[in-house]
Amino acid sequence: MSFPITRMRRLRSSEVLRNMVRETNLTRNDLIMPLFVRPGTKVQNPIKSMPGNYQFSVDTLTEQCKQLYNSGVQSVLLFGIPEQKDETGDIACSHNGIVQQAVRAIKQAVPGLYVVADICNCEYTSHGHCGTIVNGYVDNDATIVTLAKQAVSLAQAGIDMVAPSDMMDGRVGAIRKALDENGFHTLPIMAYSAKYASAFYGPFRDAAESAPKFGDRTSYQMDSANKNEALREVALDIEEGADIVMVKPALSYLDVISEVKHKFNVPIAAYNVSGEFSMVKAAAEKGWIDEKRIVREILTSIKRAGADIIISYHTQDIINEL
Ligand code: PBG
């Protein structure tokens, strides 16, 4: 019998000791802050369902990036809300697209900030789906052509990394090939590999104005009940050239993060998505939870599960404490 020789509480007896034996430490290096950019000047529209988050215009976004960078945020993930939408999302590939403008402005004003772009069509299509519709169905192979074009255009604008979030088959390979052919062989791809069709994206769709006008995303995003399928998705993305694989959402999928960590020897990102963020904010506003402690616990749990990188709207709130 190990008791009383082994007393687990000995190592919990002082804060210094607890700090020394802590297995998972959250740091500034782990976090990416998502931001939304729209046309106009001096725009800072609060996103009602995501307190503390805004739709910025390029000028106010640049200012925000400066502040975030000065407070210790090292990386941001950009989402664009275009002036006009079209059938295929082609507007996202324009030299003067909203994210392209934002990247150029940020890179000039805050060169040290690492800027990632989400690659998808849903913010840019009139129907709100992530790809080109053919006979009422999101056509895979037509869509990956547009995604590759979008990635190259953002690379030309100076983006540091691209993050395809569409869940089309073969898109990582198509994007890798297009980037390489255009001289961007050193530009990394962070693939949303295991992205589930999730109700946790609700607030984001208000923020990005990207809710589908008909149907849902279940014909391309994953069924939340599946884990083996996530491993197949990850394997395929690695084979196609993904440098980092992502699991999304994070909290209801910690088991998936953990499994991917154990099965694959690649960096893992996890997206602590809008619904996960807004639930915390709503409960905190009601005074039902201690927001600071909850946020640290949540982000630490995502890292403990195996994520190397955490994309989170809480980044701006917690950065000062890391
Ligand atoms: C675009 C995209 C979405 C999110 C990230 N990229 C929405 C969706 O798939 O509907 C969700 C992010 C969040 O909820 O914070 N495809």
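The shell around the ligand is made up of ten nonpolar, three polar and six charged residues, where Ala, Val, Leu, Ile, Met, Phe, Trp, Tyr, Cys and Pro count as nonpolar, Asp, Glu, Lys and Arg as charged, and the others, Gly among them, as polar. This is a predicted model, in which local features need pLDDT of at least 70 and side-chain atom pairs count only at pLDDT 80 or more, while totals for chains, interfaces and linings use all residues. Residues are numbered from 1 along each chain as its sequence is written, and side-chain values use heavy atoms, with hydrogens and water left out.

**The ligand and its contacts**

- Among the 19 residues around the ligand, those that come nearest are K195, R205, K248, S274 and Y313; a residue is near a molecule if one of its heavy atoms lies within 4 Å of it.
- In the side chain of S274, an N or O atom is 2.7 Å from an oxygen atom of the ligand, and for Y313 a polar side-chain atom lies 2.6 Å from a ligand oxygen atom.
- The protein buries 100% of the 400 Å² that the ligand exposes when taken alone, with accessible areas coming from the Shrake-Rupley method with a 1.4 Å probe.

**The cavities**

- On a 1 Å grid over the protein atoms alone, a cavity is a set of points where a 1.4 Å probe fits but cannot get out, and lining residues have an atom within 4 Å of a point.
- There are two cavities of 30 Å³ or more, where grid points are joined across faces, edges and corners and a volume is the space filled by probe spheres set on the points.
- The ligand sits in the largest cavity, meaning that more than half of its atoms lie within 2 Å of the grid points of that cavity.
- This largest cavity holds about 140 Å³ of space, and of its 19 lining residues C122, K195, Y201, F204 and K248 lie nearest its centre.
- Nine nonpolar, four polar and six charged residues form the lining of the largest cavity.
- The second largest cavity, with a volume of about 40 Å³, has a lining of six nonpolar, four polar and no charged residues.
- Strand β1 (31–37) gives the largest share of the lining of the second largest cavity, four residues, in a scheme where helices (H or I, at least four residues) and strands (E, at least two) are DSSP runs, numbered from the N terminus.

**The pockets**

- A pocket differs from a cavity in being an open set of points, with protein on both sides within 12 Å along at least five of seven lines.
- The largest pocket has a volume of about 330 Å³, and the residues that line it include V21, R22, E23, R296, T300 and R304.
- Helix α10 (residues 291–305) contributes three residues, the most of any element, to the lining of the largest pocket, which divides into three nonpolar, three polar and five charged residues.
- The second largest pocket has a volume of about 210 Å³, and of the 19 residues that line it, P39, N96, G97, I98 and Q101 are the closest to its centre.
- Helix α3 gives the most to the lining of the second largest pocket, with four residues, and this lining divides into nine nonpolar, eight polar and two charged residues.

Definitions and conventions. Polar contact = N/O pair within 3.5 Å; in protein donor to acceptor, adjacent residues only side chain to side chain.
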